Amino acid sequence: MTTISAEGLDHRSINEKIRSSAEPCTVTDCCGQRFIGAGMADRTIDIHGIPGNALGAYLNGGTITVNANAQDAVGDTMNEGTIVIHGNTGDATGYAMRGGKIYVKGNAGYRAGIHMKAYEEKVPLMVIGGKAGSFLGEYQAGGMIIVLNLWSSSEKCVGFFPCAGMHGGKMFLRSTCEDVVFPEQVTARRATCEDKAELKIHLSEYCRIFNLDIEEVLSSPFTVITPDSKNPYKRMYVAN
Amino acid sequence: MKKEGQVRIPSGCAIAAVISKEGKKMSGEAITNAMKPMHDRSNGLGGGFAGYGIYPEYKDLYALHLFFDDRNTRKECEAFLKEYFEIVHSEVIPTRKTPKITDEPMIWRFFVSPLRSMLASMQLDEKEFVARAAMKINTQMKGAYVFSSGKNMGTFKAVGFPEDVGMFYKLDEYEGYSWTAHGRYPTNTPGWWGGAHPFTLLDYSVVHNGEISSYDANRRFIEMFGYKCTLQTDTEVITYILDYLIRVQGLTLTEAANVISAPFWSTIEQEPDKEKAERLKFLRTMFPSLLITGPFSIVLGFTGGIMALNDRLKLRSMVVGEKDDKVFIASEEAAIRVMEPDAENIRYPAGGEPVIVKVKEGAF
């Protein structure tokens, strides 16, 4: 285990130290340094303090754990690996994510999962334990977003305009979503037993990490949201 | 070199603010340090601060902060000021030499009181009189620029990184009950001191991170009411809009926020509180030209309080935290942690949701 004190270091120096270490790294006293772990693969990075924007951008494997809140654009365009956040995460979490997993214990800001995508075996997963802000899954093109709303007694688990422009992938919201207005091009329906079986697979690691009883989490009603067609803009731009 | 106003300047930026609800005084050191972790949000072409409650010995006088290109301009401007004001005290604003801040203009402050006879003959209230005098200097007097004109508050700004600007102006030697800060990232700047934030008019100051797309529509409307947008920067127009809505039209802060960052019609339709929905509709109908679109996160400073606000789509980040009597606001949580490592109740206001913090009555 290598311990790196981030105090007084810029992001280049921190990443350099992580890269040159053969062992798992613990970064302490982090305060806003951006791009930690960016583009790295197969590293284990444990962060204390507040990491800056674009944490784990282009991540290509390994695990990053944040023991406090994270800032904006966590896992921007990440390809593989896992990012675990024990607090809240800022805006645009999982921006254009194309693989890997982001597990957030608390709330997510605006535009979580914006333009998340999938291709063949690359299916990104983002699980948000608390609530998500507005524009959740904006332009979502693939992958899976799950919002659990575990920490609040209020039913509303997402802000305004969820799934705006969504045209691929899937979203699960742990709510009946009676108070949520979805756009026309998606279908929102109550999760069936089959859906819950699928959810169980995706939530098992999350529940293990945050020490949650998966059966209890699954006992509440979920809403599943999918786009109506694989190509909803078919006739909008070109006739193919 | 072209100055602000001759060239359009889009900007990115970092903002931060702190206020004591008890009116307890804080030096400007913490807010200066808060800008350090957000260094990369600025590019060294502008930084600035506003402090409130910093001039208790002159609290009933308007503190005019001015940049002058040269000595002659200062003399000319001083002669102009004497026609309208009693100048109780004037001095060079103390600065600390640093290699990181260069090419400074002459930086002066004047503590002034409007001449009673002038107020009477012009039939204006004091604030309007001061606002017009500041506008007049900024639009008509070449080489002179009023960058702060409120009572018991002051703006300090320069070309440089914000943390260096704070050092340059010796903000550690001032004590205020609230502070706002700005680091600028213009992508195309002539780099003029007056173009840095905060932008102020009277005791209103605005720091702004963003790039509004409604600038010209807003400008055309606000210029009908005597404001002159001289700098082509969106922050200036935001400052005048807020002055117009709050001081001139008498709107509350929340109402002003609902005008400039109005909810979508579809969102108003979903509003369960019918009375609130009607109020929102009314404000959108009354002031459609003052809706500000495009990304912004701002902190408005005023006597006795601050208001933070995001654009309705929340295209910029903003974090709020608290500890004891203090409330902290910043573009990034890291900045809040620098000011208060144990800050609590960290939250992320929604787009269009104003965060209004006031010092308790009588404490400032």
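Residues are numbered from 1 along each chain as its sequence is written, and chains are lettered from A in the order in which they are written. Because the model is predicted, local features need pLDDT of at least 70 and side-chain atom pairs count only at pLDDT 80 or more, whereas totals for chains, interfaces and linings use all residues.

In chain B, 17 residues are in contact with 17 residues of chain A, contact being C-beta atoms, placed from the backbone, that lie within 7 Å. Helices (DSSP runs of H or I, at least four residues) and strands (E, at least two) are numbered from the N terminus. The elements that give two or more residues to this side of chain B are listed below.

| Element of chain B | Residues |
|---|---|
| Helix 9 | 265-270 |
| Helix 11 | 333-339 |

Helix 11 of chain B gives the largest share, five residues.

L66(B) lies in strand 4 (residues 62-68) of chain B and is buried, with 28 other C-beta atoms within 10 Å, where buried requires 20 or more such atoms. Leaving aside residues up to four places away in sequence, L66(B) touches C77(B), W108(B), A144(B), Y145(B) and V146(B).

Helix 7 of chain B is mostly covered, as twelve of its 15 residues are buried, and these pack against elements including helix 6 (215-222) and strand 13 (296-302) of chain B. Just after helix 7 of chain B, G250(B) takes a positive phi of about 75°.

Terms used. Two residues are in contact if their C-beta atoms, placed from the backbone, lie within 7 Å.
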